[in-house]
Amino acid sequence: MPPPVSTTRRLLLVTLAWVVWVWLIALVADQAMPWLRGPTKWGYDLVRRVTPLARWDSGWYISIAEGGYQQPPKAFGQETNHAFFPLYPLLVRLLTRTTGIETSLAGNLISGAALFGAVLLFADWIRRRWGEPRVAPALFALLAFPTSFFFLSVYTESLALFLALLAVVSIDRSRPLVAVLAGYLSGLTRITGVVLAPYLALSSMAKSRQDGKSWGRAVAAGMLTGLPPILGFLTFCAYFEYRFGDPFLFMKAQHNWGTMEKTALDGPRIVAKMIAADVTTGRIFHKSPARTLEGVFLLLFAFLAIRLLREKRWIESLYVFMTIGLVPFTGTLESAGRYVLPAFPAFAVLGGLSIRPSLFRVAVVLGFLLQAAYVAIFVNWLWAG
Amino acid sequence: MGRLTRTSLLAALLVSAACGPGRDLGLPHKAFLPAVVRSRIPGRVPWETRVEVTNPGGGLLAVRLRRWPPDDREAEEETIVIAPRSTRGIPLRIPLLPSVSTFLLESADAFTVTAVVRDRRGGGPPPLPIPVIEPESLARPGDTLRVGPLLSDREHRSHIGFTFPATEREAVPFRVRTAVIGADGVRLGTWEQALHGVPQIIEDPWAFYELRDRRPLFVEVTLLGGTRGRKPVWGLWVYGIVTEIATNASRFVERTVRRGS
């Protein structure tokens, strides 16, 4: 039997080359394009010391890592750091306090380490479902996706991806304890942890049935594996209840940033109104092309979820649908390109485009070019993602 | 050498390298100015700090000035040369209020420095002399700074400032524990907070610490350390200023340092 094309070493080398690419673009954009720089509300010290891949929401993670959660907002419009889940900044704090390195650098290191772990798990997950030939194209699809540079930034995307994959692959490998732990931690990482719950429950049930277990035992195993992400999320809520007397403070904090008072339930209506306004006023590309692209990413992932459905991969399709389904509840489309990143099964479908090699190559090159542009405008405070 | 030993040695080297160099105590003669300000708020007094350095010696004096924060990165550090037995004003190069900056001046030879905050147009409220502090007197981890009494009534308003020199850039943000104590000695509350990487002013301590009434109070600030686990070079300073509302005349309130064990 021939050895797999995507050996661990090759996968890590490809990922390392991509890491170098993104960092190179970020450093050049930071040093060589001062004319491009947009305004920021960050203080002198933070602007001076952070790495180029620490911008926008990274500041909130840094503030939690360095000073913990702030006092709750007293009025609408007061921006606080409660919208951000605790696990990632906690890891950043641990690394910073043990080594003394700069906080944003610690964040980049944790994001990078999580990405390398995620890549190996992703390869394993693809191999079991689509076979060896899909591994490399799916990895290229993941890395060349325009917003994938967030996996290296001071953001939670790579940790969320790593924990989701660790949980799913642990179910595949019949390691329920690891799956439970990873699921619980993902609930403490970001809101996508919650939509991981049904995915883990259904995956675990399917695996149990595959292993010849009864329906009763399969359902019990599903419950056991599906609950931890919810428990992780509830732990976060319980902490806020204990400390600030408001278990849903993270939602309040997120909606406090808007220009008008709203709740998560108002989100879909606001997004629909925004899209309608963009379409009817002809603003689609010339006024807000970045926002339009976010909508395009969302549609693309909806399409990929449908493709998964057509391949009879119900559980994966549900997970992708639920992940992108979170976007409208934020009340804006502007982070859609980042929100879709933990929906890893979609990248496996994208990798399927490699059956048309020339088209796939063009798509990958275009993806990398768009990614470079995104990195440059992110680093220069022109686009928050 | 075993693989485990080699790995441990490498890890230890990496950690020690990451923690940076040891404490650099700089040049022998030093002065720290804890509050250097300038303001241009329409309708308010245009405050400006006048900083002057005097060279009492017979030779040229080179003074290294470190501003934190400056108005631009290139102004963070500057060497000022002063002719023998003369005095020279220092260009401010700092951001406008509400930002407060600090100056750290160092030289191989003796010098004196004076700093006053005054109305840029002349006249106006009496100038406020800025205390010139030896960096050795700054609070180290475990030390407590006490400032007060701070007043907030019909005649007075007060604010406090947490400041530190540019040398602390690698050690900040600082973690501090602040105890607010009434003039009658009653402890009104204790808070822990992280001070960000530049000096920070609390314009209205009564509102900031959510106190029920505006009784005179003292603030005791204990420096717990850096949030990044790095040791400060010199440390933290806290000041309090009481201003007469009618005249805008200000004064620094008394402060003491209690050294930790």
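**Exercise 1. Confidence.** What pLDDT does chain B average? Find also where the score stays under 50.

*Solution.* The model is predicted, so first see what is counted: local features need pLDDT of at least 70, side-chain atom pairs count only at pLDDT 80 or more, and totals for chains, interfaces and linings use all residues. Residues are numbered from 1 along each chain as its sequence is written, chains are lettered from A, and ligands are numbered from 1, in the order in which they are written.

Step 1. pLDDT is the predictor's confidence in each residue, from 0 to 100. Chain B averages 87. In chain B, 90% of the residues score at least 70.

Step 2. The score stays under 50 over residues 16-22 of chain B. For that stretch the model has 9 contacts beyond four places in sequence. A contact means that the C-beta atoms of two residues, placed from the backbone, lie within 7 Å.

Step 3. For the complex, the predictor gives an ipTM of 0.78 and a pTM of 0.87.

**Exercise 2. Chain B as a whole.** Describe the make-up of chain B.

*Solution.* Step 1. Count the elements: 2 helices and 17 strands. These are DSSP runs, numbered from the N terminus: helices are H or I with at least four residues, strands are E with at least two.

Step 1. Take the span. The C-alpha trace of chain B covers about 75 × 55 × 35 Å along its principal axes.

Step 2. Check burial. Of the 261 residues of chain B, 35% count as buried. Buried means 20 or more other C-beta atoms within 10 Å of a residue's own, exposed means 12 or fewer, and partly exposed lies in between, with C-beta atoms placed from the backbone.

**Exercise 3. Strand S2 of chain B.** Which side chains of S2(B) point to the buried face? Then find the partner strands.

*Solution.* Step 1. In a regular strand the side chains alternate between the two faces of the sheet. S2(B) covers residues 47-55. B:Trp47, B:Thr49, B:Val51, B:Val53 and B:Asn55 point to one face and are buried.

Step 1. Two strands pair if DSSP finds at least two bridges between them. S2(B) and S7(B) (residues 112-119) are joined by 8 bridges and run antiparallel. There, B:Glu52 has B:Thr114 as its bridge partner.

Step 2. S2(B) and S5(B) (residues 86-89) are joined by 4 bridges, also antiparallel. Here B:Asn55 has B:Ser86 as its bridge partner.

**Exercise 4. Where the chains touch.** How many residues does each chain give to the contact?

*Solution.* Step 1. Chain A gives 14 residues and chain B gives 17 residues.

Step 1. On the side of chain A, H2 (44-49), H3 (58-67) and H4 (87-99) each give two or more residues. The largest share, 5 residues, comes from H2(A).
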